[in-house]
Amino acid sequence: MGEPYPKVTAHDLTRTFGRGPRAVDALGPLDLTVAPGEFVCLVGPSGCGKSTLLRIAAGLLRPSTGTLEIRTSSPRPAAMIFQDYGIYDWKTVQANVRFGLDVQRVPRREANARAADWLARTGLADFAHAYPAALSGGMRQRVAIARALAVEPELLLMDEPFAALDAQLRTILQDELLEITQALRTTTLFITHSLEEAIVLGDRVLVMSARPGRIIAERRPPFPRPRTGDVRATPDFTALKSELWDLLRKEAVPA
Ligand SMILES: Nc1ncnc2c1ncn2[C@@H]1O[C@H](COP(=O)(O)OP(=O)(O)OP(=O)(O)O)[C@@H](O)[C@H]1O
Ligand SMILES: [Mg+2]
């Protein structure tokens, strides 16, 4: 039977940066729950507080008011993919991908095998011994993706992980992420600017308002699990995309 508690619970969450007249209300108030195994996508205009929310979820930033609680049950940690990748420039590609496994003290032989598997899946096998400085932006992003997925985290926090990739690779990795998260029932909170991506991947798509970001709408893509990328070709997909686009356009264009 499923676990009874949400993996992520935010209540009346807000975040303000700075003080006094120059303070910026970045986020909230916002309520959010993410159930075990659920894949929740967040879309919203630039600067509405999406990364701020994820950084709070990752424990890197404190809320100004309200709470955000993470409830994980296994030694598998939460993993985060940052919008700016957050990979280590002084480690090789392979060492970056193995990093979370080393932290978990996975035996070296197994860690190398899992890292090699992820390097192959993300098309980085030939660059295992290169340093990030020698990689393109899209390749650096793939290192970050491989590093996060290699640990098979219980909770995956992803901040526009595919933004720097070309359309073809983006589609391939979306399909791969679908397969992995469905197989492992990884609870995922996923930020994207792409409505297609949110609809393909999400059990729920949450639309955020302009700053300070609040959740103004929620849609459930009507595709059963396990799901594949084939849903992109359905009329339901197109209809939901245009509905979400209308919601988002009202927020993106200042009144
Ligand atoms: N450390 C910080 N100090 C001051 N202001 C910040 C800080 N981090 C974020 N902000 C402000 O908070 C607001 C929300 O930023 P955030 O990065 O969360 O937006 P976002 O929704 O992720 O945008 P994007 O889609 O462009 O990535 C912005 O106005 C930003 O300038
Ligand atoms: Mg952001």
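A: Leaving aside residues up to four places away in sequence, Leu 30 touches Ala 10, Leu 13, Gly 213, Arg 214 and Ile 215. A contact here means that two C-beta atoms, placed from the backbone, lie within 7 Å. Before going on, some bookkeeping: residues are numbered from 1 along each chain as its sequence is written, while chains are lettered from A and ligands numbered from 1 in the order in which they are written. Also, this is a predicted model, where local features need pLDDT of at least 70 and side-chain atom pairs count only at pLDDT 80 or more, though totals for chains, interfaces and linings use all residues.

Back to Leu 30, which sits in strand 2 (residues 24–34). Helices (H or I, at least four residues) and strands (E, at least two) are DSSP runs, numbered from the N terminus. Leu 30 has 24 C-beta neighbours inside 10 Å, so it counts as buried. The rule is 20 or more other C-beta atoms within 10 Å for buried, 12 or fewer for exposed, and partly exposed in between, with C-beta atoms placed from the backbone. Thr 14 is 16 residues from Leu 30 along the chain, with 6.7 Å between their C-alpha atoms.

Now for helix 7 (residues 235–252), whose buried residues pack against strand 3 (39–43), helix 6 (195–201), strand 8 (204–208) and strand 9 (215–219). Helix 7 has 18 residues and runs 25 Å from first C-alpha to last, close to the 26 Å expected at 1.5 Å a residue; that expected span is 1.5 Å times one less than the number of residues. Its buried residues are Leu 240, Leu 244, Leu 248 and Glu 251. Down the axis of helix 7 they fall within an arc of 65°, so they line one face of the helix; the arc is that of the directions from the helix axis to the C-beta atoms. An α-helix has 3.6 residues a turn, so residues three or four places apart point the same way. The face of helix 7 turned away from the buried side carries exposed residues, among them Trp 245, Asp 246 and Arg 249.

Helix 1 (residues 50–57) is mostly covered, with six of its eight residues buried, including Leu 53, Leu 54 and Ile 56. After helix 1 comes Gly 59, with a positive phi near 80°.

Zooming out, the chain splits into domain 1 (1–74 + 155–255) and domain 2 (87–153), with bounds from an automatic or database domain assignment. Their C-alpha centres are 25 Å apart. Eleven residues from domain 1 and ten residues from domain 2 make the contact. On the domain 1 side, strand 6 (155–159) and helix 5 (167–184) are the elements giving two or more residues, and helix 5 gives the most, with four residues.

Overall, the chain has seven helices and nine strands. Its radius of gyration is 18 Å, close to the 18 Å of the globule rule for 255 residues, so the chain is as compact as a globular protein of that length. That radius is taken over C-alpha atoms, and the rule is 2.2 Å times the number of residues to the power 0.38. Of the 255 residues, 40% count as buried.
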